[in-house]
Amino acid sequence: MALEERPDAKLDRAVIFLGPPGSGKGTQAKELAKAYGIPHLSTGDMLREHVSKGTTLGLQAKPIMERGELVPDSLVLKMVAERIERPDCSHGFMFDGFPRTVTQAKYLGELLKQHGFHQPLVLHLVIGSSVLMRRLTGRRTCKVGGEIYNIYERPPKVEGICDNDGGELFQRPDDREDVIRERLHAYEKQTSPLVQYYRRLGFLHDIDADKSFEEVKQRMFESLAGIGGVR
Ligand code: ADP
């Protein structure tokens, strides 16, 4: 039976999706989290929620996100620490967009130890920069359920409408070409050093992300099964 159909497939681990904006992290992380029945924790989604609610954190993060820069570690770390305290995280979780700096990665290592988790498994999505711009400018997200589409590669059945819940699809304000360039720059400068960091520790699994959505998903399932994360 395919792993994704196994009702007893469980992870007791923290899984990190690492890859540039547009590599498919969010789409894949959501699917895998659903398959394993553990929470999908996207720091980008959490921050966007703070922005839309107008919280203190949201007000601080908004202008930074609009420029495509990284929100300061201190703000993100507090938000993450609070989130993984919740009971739904007791059997593992999938991080999408976190950690994004070596400081964040070190802090996460400590947090996981405190909560009795093994070290994280890192799925690294490898992809050429030419594909990314097309993916990001084509990205559309459902206002209701957050489902992610791509008008070129993964279009909804009806233009502008979510297949799952009929919600309206919107384009993220930071998916504009000038902001995308800044986000890619931030990734190269601040987040790509994490690849080396986790590779040295032996936690990293490279996944070729320039493949169809289904192929990438299958490779991820294989990596998770291969490292004994499934019990
Ligand atoms: P993407 O990976 O597609 O760029 P995300 O939704 O993960 O998008 O993040 C959107 C924005 O939220 C980032 O450009 C950044 O400003 C902020 N952000 C998200 N996660 C973090 C983080 N871990 N540290 C700092 N800033 C973050």
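1. Five-stranded sheet. In this predicted model, 5 strands form an open, parallel sheet in the order β2-β3-β1-β4-β8. Strands are DSSP E runs of at least two residues, helices H or I runs of at least four, numbered from the N terminus. Two strands pair if DSSP finds at least two bridges between them. From one strand to the next, the twist averages 25°.

2. Conventions. Residues are numbered from 1 along each chain as its sequence is written, and side-chain values use heavy atoms, without hydrogens or water. Local features need pLDDT of at least 70 and side-chain atom pairs count only at pLDDT 80 or more, while totals for chains, interfaces and linings use all residues.

3. β2 and β3 run parallel, joined by 3 bridges. Serine 42 stands opposite aspartate 96 in β3. Helix α2 lies across β2 and β3, at about 65° to β2.

4. α2 on α4. The axes of α2 (residues 43–53) and α4 (residues 73–84) come within 11 Å and cross at roughly 105°. Axes are lines fitted to C-alpha atoms, for helices over the stretch in contact; angles run from 0 to 180 degrees between N-to-C directions. α2 is therefore roughly perpendicular to α4 (65 to 115 degrees; under 35 is roughly parallel, over 145 roughly antiparallel, the rest oblique). Thr43, Met46, Leu47 and His50 of α2 meet Val76, Met79, Val80 and Arg83 of α4. Contact means heavy atoms within 4.5 Å.

5. Largest nonpolar core. This core has 33 residues, of which Leu18, Phe93, Phe95 and Tyr198 touch the most other members. A nonpolar core is a set of buried Ala, Val, Leu, Ile, Met, Phe, Trp, Tyr and Cys residues joined through side-chain atoms within 4.5 Å. Buried means under 20% relative accessible area, exposed over 50%, partly exposed in between (1.4 Å probe, protein chains only). α4 gives the most to this core, with 6 residues. Beyond four places in sequence, tyrosine 198 contacts Ile16, Leu18, Pro99, Ala105, Leu108, Pro120, Val122, Phe203 and Leu204. Another core, of 25 residues, lies apart, with Phe17, Ala33, Ile38 and Leu136 among them.

6. Three-stranded sheet. Here 3 strands form an open antiparallel sheet, β6-β5-β7. β6 (148–150) and β7 (169–170) each have a single partner strand, so one side of each lacks a neighbour in the sheet. β5 (residues 139–142) joins β6 through 3 bridges. Arginine 139 has asparagine 150 as its bridge partner in β6.

7. Helix α6. Val131, Leu132, Met133, Arg135 and Leu136 are buried in α6 (residues 129–137). Their cover includes β5, β6 and α7 (177–191).
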